[in-house]
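Please read it alongside the sequence and the structure.

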Amino acid sequence: MANRKDARVTVILECTSCIQNGVKKVSRGLSRYITQKNRHNTPNRLELRKFCPYCYKHMIHGEIKK
């Protein structure tokens, strides 16, 4: 059982709006959330609407690589 892959993996979600605005303006920071997803049920990249404290509104946060 030691070689078995777990179905649940930890993923990092990052604000897509902060990345785009950081190129044009001085970035105050990046909003990131840590969550888990089921690898079997959601094989694609995860995107959720979460609150971004730097944009002061709910924005789409996409999964990034570790």
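**Notes on the predicted model**

1. The charged end of K50 lies over the ring of Y33, 4.8 Å from the ring centre. A charge sits over a ring if NZ of Lys or CZ of Arg is within 6 Å of the ring centre and within 35 degrees of the ring normal.

2. This is a predicted model, in which local features need pLDDT of at least 70, side-chain atom pairs count only at pLDDT 80 or more, and totals for chains, interfaces and linings use all residues. Residues are numbered from 1 along each chain as its sequence is written, and side-chain values use heavy atoms, with hydrogens and water left out.

3. S31 belongs to the loop between α1 (16–24) and β2 (32–38); helices (H or I, at least four residues) and strands (E, at least two) are DSSP runs, numbered from the N terminus. S31 counts as buried because its relative accessible area is 4%, the limit being under 20% with a 1.4 Å probe and protein chains only.

4. The side chains of S31 and H61 form a polar contact of 3.1 Å. The term denotes a pair of N or O atoms within 3.5 Å; within protein, one must be able to donate a hydrogen and the other to accept it, and residues adjacent in sequence count only if both atoms are side-chain atoms.

5. E14 lies in strand β1 (residues 8–15) and is buried, at 8% relative accessibility. Its side chain makes a polar contact of 2.6 Å with the side chain of R32.

Note on methods. Buried means under 20% relative accessible area, exposed over 50%, partly exposed in between (1.4 Å probe, protein chains only).
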